[in-house]
Amino acid sequence: MPIHYHHVVFTIPEQLNDLVLRNKPVLYKILFAASAATLQTIAADPRHLGAQIGFFSVLHSWGQNLLLNPHS
């Protein structure tokens, strides 16, 4: 069964890394809420998909180089 999907990454600016380290629960909640709202808003727009979508988000807090790089 052919399935169409898109891999989308939302990254917190590097300048906020120290703030994220000190406030993980708050900042990660904001990251997930903002990324979810963005995906839902763009997908609902008739110029794009015009539909409600399903998706899941995964938190990655470190990059391949093992440096802090919060993204979902």
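1. Thr41 counts as exposed, at 56% relative accessibility. Here exposed means over 50% relative accessible area, buried under 20%, and partly exposed in between (1.4 Å probe, protein chains only). Thr41 sits in helix α2. A polar atom of the Thr41 side chain lies 2.7 Å from the backbone oxygen of Ala37. The C-alpha atoms of Thr41 and Lys24 are separated by 25 Å, with the two residues 17 apart along the chain.

2. Ground rules. This is a predicted model, in which local features need pLDDT of at least 70, side-chain atom pairs count only at pLDDT 80 or more, and totals for chains, interfaces and linings use all residues. Residues are numbered from 1 along each chain as its sequence is written, and side-chain values use heavy atoms, with hydrogens and water left out. Helices (H or I, at least four residues) and strands (E, at least two) are DSSP runs, numbered from the N terminus.

3. The length of α2 checks out. Its 21 residues should span 30 Å at 1.5 Å a residue, and the end C-alpha atoms are 30 Å apart, which agrees. The expected span is 1.5 Å times one less than the number of residues.

4. Which residues of α2 are buried? They are Leu27, Tyr28, Leu31, Ser35, Ala36 and Ala43. Seen down the axis of α2, these buried residues fall within an arc of 165°, so they line one face of the helix. The arc is taken from the directions from the helix axis to the C-beta atoms. An α-helix has 3.6 residues a turn, so residues three or four places apart point the same way. The face turned away from the buried side carries the exposed residues Pro25, Lys29 and Thr41.

5. Ser35 is on the buried list of α2. Its relative accessibility is 3%, so Ser35 counts as buried. A polar atom of the Ser35 side chain lies 3.2 Å from the backbone oxygen of Phe32.

6. What covers the buried residues of α2? The cover includes α1 (17-22), β1 and β2 (68-71). The largest nonpolar core has five residues: Ile12, Val20, Leu27, Tyr28 and Leu31. Three of them come from α2, the largest share. Such a core is a set of buried Ala, Val, Leu, Ile, Met, Phe, Trp, Tyr and Cys residues joined through side-chain atoms within 4.5 Å. Leaving aside neighbours within four places in sequence, Val20 is in contact (heavy atoms within 4.5 Å) with Ile12, Leu27, Tyr28 and Pro70.

7. β1 and β2 pair in the antiparallel sense over two bridges. Pairing requires that DSSP finds at least two bridges between the strands. Trp62 stands opposite Leu68 in β2. The hairpin has five residues between the strands, and Leu66 takes a positive phi near 65° there.

8. Asp45 lies in the loop between α2 (24-44) and β1 (60-62). Is Asp45 buried or exposed? Asp45 counts as buried, at 17% relative accessibility. The Asp45 side chain makes a polar contact of 2.7 Å with the side chain of Arg47. A polar contact is a pair of N or O atoms within 3.5 Å; within protein, one must be able to donate a hydrogen and the other to accept it, and residues adjacent in sequence count only if both atoms are side-chain atoms.

9. His6 is found in the segment before α1. His6 counts as exposed, at 73% relative accessibility. The C-alpha atoms of His6 and Phe55 are separated by 9.9 Å, although the residues are 49 apart along the chain.
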